[in-house]
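User: I would like to learn how to read aromatic contacts in a model. Can we go through some cases together?

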Amino acid sequence: MSKKLIIIGAGGVGNVVAKKCAMNPQVFSEVVLASRTLSKCDAIAKEAQNIGLPTAIKTRQVDADSVPELVKLFTEEKPFMVINVALPYQDLTIMDACLATGVHYLDTANYEPKEEAKFEYSWQWAYQERFKEAGLMALLGCGFDPGVTGVYTAYANKHYFDEMHYLDIIDCNAGDHGKAFATNFNPEINIREITQKGKYWENGQWVEIEAMSIHKPIEYPNIGPKESYLLFHEELESLTKNFPTLKRARFWMTFGQAYLTHLEVLQNVGMTSIQPIKFNGMDIVPLEFLKAVLPEPGTLGENYSGQTSIGCQIKGIKDGQEATYYVYNNCHHAECYKEVQAQGVSYTTGVPAMIGASLMIQGDWMKAGVYNVEEFNPDPFMEMLNIHGLPWHELHNITLPHEY
């Protein structure tokens, strides 16, 4: 039986989620898109209508910082679930509203407090008992990374390893949007993420490093070698908890030299700071101002060339022998734009959110409580990736570009 859902957030990812859900009326009976800026929702709904999607997208205005506004929206619309692709600062208010109104929850990025560049799952995991008692489910981090990377890891663990020992998640965007400096998702969140200290898991503890201080070239399929930087990424926290045999887990992401040069200059002049400063008698946050002058990620899709490549490289033991495994997806920006008028980074986040919601609605992934994607059977999710635009490829027992 198809069910109604609300999507909160009308940026690049919200655009993809809304359109992909509207393509699947057999799962989603009604699609409501809500944001603080109603005009953004209306523009997406109109595009969806113009390209002939079978389900009309209804639009609503809501301030996701306000629990009363969210409760009013959920009470009036009565959705089965909410897909949260708003800002990570708003995860908890949306979860509170879900508890108040009996609505299931899914997001793509974990909570972080606005006043501190620190993201971790502790705040959301603390909702476990409340969601269980309410008979509701919250699915955390159901984008690509986090999201598909967790499903990839669970799939590897289920089918190819008796014990996984080493995990490297590698993320390359080899696309060209033609802008001097732009981020592929929310500039404020993106810059907060990469300018904080790096961190990885090794031998039962977290090892902290200076931001961007460890890097090396990694070969990406159909792309070639790209300089890749070790960052902390949220799925490392849940994957090391849920797969305790991991001796080391790391996350790598590529950045072009022009991007890094711009970022260094912006940092040096204080434009990436999240501490308010006085300007003409007003408090402004430099990073929020920078976000306002940078290109909106949702506008980067047209004429965006090249592709992304994201995957998991794993080493462990199978039947007493060492084994390696590499599973990945390559996604072309131009193809994404043709389908849903979005660039590939938004697409790779939005499609998995739709898939996770589908599995919840259909009952394949449905259990009261708060969970990460790797805690469920990965097989139906992997099957749907191939159907809905993110086909994956796997390589066995190859030499991986890491020291063990």
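User: Is Y229 buried or exposed?

Analyst: This is a predicted model. Y229 has a relative accessible area of 8%, and it is buried because the cut-off for that class is under 20%.

User: How is a pair of aromatic rings described?

Analyst: The description uses the distance of the centres and the angle of the planes. In this structure, a search of the whole model gives 15 aromatic pairs. Among them is the pair of Y155 and Y160, which is edge-to-face, with 6.0 Å centre to centre and 75 degrees between the planes. Y155 is buried at 13% relative accessible area, while Y160 is partly exposed at 22%.

User: Which ring forms an aromatic pair with Y229?

Analyst: F255 does, in an edge-to-face arrangement with 5.9 Å between centres and 65 degrees between the planes. Y229 belongs to strand β11 and F255 to the loop between β12 and α10, so the pair ties together parts that are 26 residues apart in sequence. F255 is buried, with a relative accessible area of 12%.

User: Which residues do ring pairs link into a cluster?

Analyst: Y155, Y160, Y325 and W392 are joined in this way.

User: Where does R130 lie?

Analyst: R130 is over the face of Y127, 4.0 Å from the ring centre. K199 lies over the face of F232, at 4.4 Å from the ring centre.

How values were computed:
Residues numbered from 1 in each chain as written. Predicted model: local features only at pLDDT ≥ 70, side-chain atom pairs only at ≥ 80, totals over all residues. Heavy atoms only, no water. Phe/Tyr/Trp six-rings, centres within 6.5 Å; stacked < 30°, edge-to-face > 60°. Buried < 20%, exposed > 50% of the residue type's maximum accessible area, 1.4 Å probe, protein only. Helix = DSSP H or I, 4+ residues; strand = E, 2+ residues; numbered from the N terminus. Lys NZ or Arg CZ within 6 Å of the ring centre and 35° of its normal.
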